[in-house]
Number of protein chains: 2
Amino acid sequence: MASVRQIAKQAGVSTATVSRVMNNSPQVSGEAKRKVMTVINGVNYMPAVGKKTTTNIAYLFTDSITLSSPYDAGVMAGLSAGLEQHRLDLLILNARTCRESGETFSQMFRRKGVQGVIIRTTAGTREACKAILESGVPAVVLGDQIEGYEEVCVDVDSRDASRDAVEHLIGLGHRSVAFCTNIVDDKDHLDRFAGYQEALSNAGLAFESRLMFRVPANRQGGEQFVRRLAAMVDRPSAVFVADPATCVGMLTEARRQGIDVPRDLSIVGFDDSEARFVTSPELTAVCQDSELLGRHAMAVLMSRLTSQSLEADSARPLRAWLEVNATTAAVADAADAND
Amino acid sequence: MASVRQIAKQAGVSTATVSRVMNNSPQVSGEAKRKVMTVINGVNYMPAVGKKTTTNIAYLFTDSITLSSPYDAGVMAGLSAGLEQHRLDLLILNARTCRESGETFSQMFRRKGVQGVIIRTTAGTREACKAILESGVPAVVLGDQIEGYEEVCVDVDSRDASRDAVEHLIGLGHRSVAFCTNIVDDKDHLDRFAGYQEALSNAGLAFESRLMFRVPANRQGGEQFVRRLAAMVDRPSAVFVADPATCVGMLTEARRQGIDVPRDLSIVGFDDSEARFVTSPELTAVCQDSELLGRHAMAVLMSRLTSQSLEADSARPLRAWLEVNATTAAVADAADAND
DNA sequence: CAGATACATGTAACAGTTACAGGAATACTC
DNA sequence: GAGTATTCCTGTAACTGTTACATGTATCTG
């Protein structure tokens, strides 16, 4: 394989210069840096120590991500479990601070001995994410769908479960079902919207834009939403909420407003942890297992690193599921509902 | 400093043998291994690559820990934030699987370039934890108190806040206050018990062992506890619950049993995340900030690594605090309480 | 224009690792 | 028991990547 000395010869510089480029030393001319980077990217060079090559997997997150959220915590636990089988280590990296000035992501990964990356992104950081994918580092993307890289963008399919959720509400007699989603259109939330529309369509109900609500994906967003509901003249009798934190905020604000759940309002929420058991009434929700997603992401990444195709049980897409608990009930009479 | 060649000379072996010991190669005699380890431990050798020394911090957890729990997730987020300032990386290691067979912890840390460790332990793994501390690796312990290493065992002081919590209940007129804790006696739970006793003593109330309950630290434990309460002839009117998951389970089971919180039973729980806002009624709780704990742990570890004393604002101990929400109320009349 | 300064680069000496070969002890075969 | 094969262990030497130091070049400065 490639070594510093071979790279140096090919780029027409010394080994010291190659090493300096690899470690992002400031005292190297742009010209030399360009020459070395060209050769390095060409042969996909990865530094070794002696004959030993380092093996780390990075979890790259951005400032817009709360690392302690149930979703990220679950994913990291799943990644960690998946890694143990392959004797690799998990490195936690903040995208904003992990690079030195002027350093590219692929330079940084090589410097830290990172052989594969789990990119935890959002729709807002799509460009940086795309740049990393194009640099050729083995990577798996969580939280967004990047055009041209669909096979490494893993997620949980929540469309079918979302359709099930809305059909569950319709089956309970609800004809006016609202949909509450995030202000940012990531793939997950769009999927849930598609499931909502599919269920309406299957039941012969028309989509009404006045029943579609957008709030920030946090508790306060859910509280806002309930206040808007409370002020409506022709209030929907049920709602499907596409985000975990939002539905929790809804429940607390509904209680304050004197809206009884599920008598006055049926709620199907979303849960990626165990929040549905903590609320009262316990939440009927579309659920996903974020730890399983972490394991799956690791399996996909390993298949890329070893150039082996995925094992059969890892190739299947992950699915969310509907869990019916206590926040949904049959629709009340019109007279009761609007009193 | 020490290099492989110096170690080799001092131990009377070749550099290859030293390297083999460092990397836990199986093909080295016990005698040679012993000789090399003696020298290595004597000079506290740490491998370098070229002139460059690796800088990782490890978060070492055991199988008894759920890495995705709000506590661990918060701590990891705090650690990650603290590390960014020092340009170090966080490595997540499972204590059971991170070592190769026959390898000691300190060998493993050196092999992986780990310069400091956050040991997330429990009372059940105290011996292994003690062994790591004795090996001399810079370490900070979370979740347990190890005799002789108090200054690196960081935690949040919840004793005062626990006393406040029970005094809050007594102030509301409760004279029969139960205490519910974990079946394992770790330092945190013992602290909370001490706070409970202090409040009783301050109010001139006697400690009654029949009001002390032990359940597993999960939702099911809380449910069990409420069923036991429900069956009591002389039921306490209030309870202080020393564990986050337990109090959540209590609330759901209380609802099932028809016990109204806070009318029939006042509850002060414990919260290390945002669970208190999710339950209904919102939980009056002793709260701790686990992300702050993570930052603090990192500050303590860095002060050990750099041999500098802690900055003033990091030296102060962390404190839990009482947050009064909706699960505590003034005691009802005796006639009402036992109907 | 001489001298000083800053920058970029190569040489060489260093760091750790491991393929390979060889020695020593043990096991096996006749 | 002698000869052979095997296994285990170890050191040499050749390979990784890094960086202190020296050197050359360009740009200011008086």
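1. B:Pro262 is found in the loop between helix H10 (244-257) and strand E10 (266-271) of chain B. Helices (H or I, at least four residues) and strands (E, at least two) are DSSP runs, numbered from the N terminus. The peptide bond that joins B:Val261 to B:Pro262 is cis, with omega about 10°. In chain A, a cis bond runs from A:Ser280 to A:Pro281, and its omega is near 0°. A:Pro281 sits in the loop between H11 and strand E11 (284-287) of chain A.

2. The model is predicted: local features need pLDDT of at least 70 and side-chain atom pairs count only at pLDDT 80 or more, while totals for chains, interfaces and linings use all residues. Residues are numbered from 1 along each chain as its sequence is written, and chains are lettered from A and ligands numbered from 1 in the order in which they are written.

3. Chain A has 14 helices and 13 strands. Along the principal axes, its C-alpha atoms fill a box of roughly 85 × 40 × 35 Å. Of its 339 residues, 47% are buried. A residue is buried if 20 or more other C-beta atoms lie within 10 Å of its own, exposed if 12 or fewer, and partly exposed in between, with C-beta atoms placed from the backbone. Taking contacts in chain A between residues at least 6 apart in sequence, 71% join residues at least 24 apart. Two residues are in contact if their C-beta atoms, placed from the backbone, lie within 7 Å.

4. Two asparagines have a positive phi. For A:Asn24, phi is near 60°, and the residue lies in the loop between H2 and H3 of chain A. A:Asn24 counts as partly exposed because 17 other C-beta atoms lie within 10 Å. For B:Asn44, phi is near 55°, and the residue belongs to the loop between H3 and strand E1 (56-61) of chain B. B:Asn44 is also partly exposed, with 13 other C-beta atoms within 10 Å.

5. Chain A has an open sheet of six strands with mixed pairing, in the order E8-E7-E9-E10-E11-E13. Its edge strands, each pairing on one side only, are strand E8 (212-215) and strand E13 (321-323) of chain A. Two strands pair if DSSP finds at least two bridges between them. Direction ignored, neighbouring strands of this sheet are turned by 20° against each other on average.

6. Within chain A, strand E7 (residues 177-182) and strand E9 (residues 238-241) run parallel and are joined by four bridges. In one of these, A:Val177 has A:Ala238 of E9(A) as its partner. Helix H8 (residues 187-202) of chain A lies across E7 and E9 of chain A, at about 170° to E7(A). Helix H9 (residues 219-230) of chain A lies across E7 and E8 of chain A, at about 145° to E8(A). Axes are lines fitted to C-alpha atoms, for helices over the stretch in contact, and angles run from 0 to 180 degrees between N-to-C directions.

7. The largest nonpolar core holds 166 residues, and those that touch the most other members are A:Ile118, A:Phe240, B:Ile118 and B:Phe240. Such a core is a set of buried Ala, Val, Leu, Ile, Met, Phe, Trp, Tyr and Cys residues joined through C-beta atoms within 7 Å. Leaving out residues up to four places away in sequence, A:Phe240 touches several residues, among them A:Leu169, A:Val177, A:Phe179 and A:Tyr196.

8. The contact between the chains takes 29 residues from chain A and 29 residues from chain B. On the chain A side, helix H4 (70-84), strand E2 (89-94), helix H10 (244-257) and helix H11 (275-278) each give two or more residues. That side has 14 nonpolar, eight polar and seven charged residues. Here Ala, Val, Leu, Ile, Met, Phe, Trp, Tyr, Cys and Pro count as nonpolar, Asp, Glu, Lys and Arg as charged, and the others, Gly among them, as polar. E2(A) pairs with strand E2 (residues 89-94) of chain B in the antiparallel sense over three bridges. There, A:Leu91 has B:Leu91 as its bridge partner.

9. DNA strand D is surrounded by 27 residues, the closest being A:Val4, A:Ala16, B:Ser14, B:Gly50 and B:Lys51. A residue is near a strand if its C-beta atom, placed from the backbone, lies within 6 Å of it. H2(A) gives the largest share of this surface, five residues.

10. DNA strand C also has 27 residues around it, and the closest are A:Gly50, A:Lys51, B:Ser3, B:Val4 and B:Ala16. Here H2(B) gives the largest share, five residues. The surface near DNA strand C divides into eleven nonpolar, eleven polar and five charged residues.
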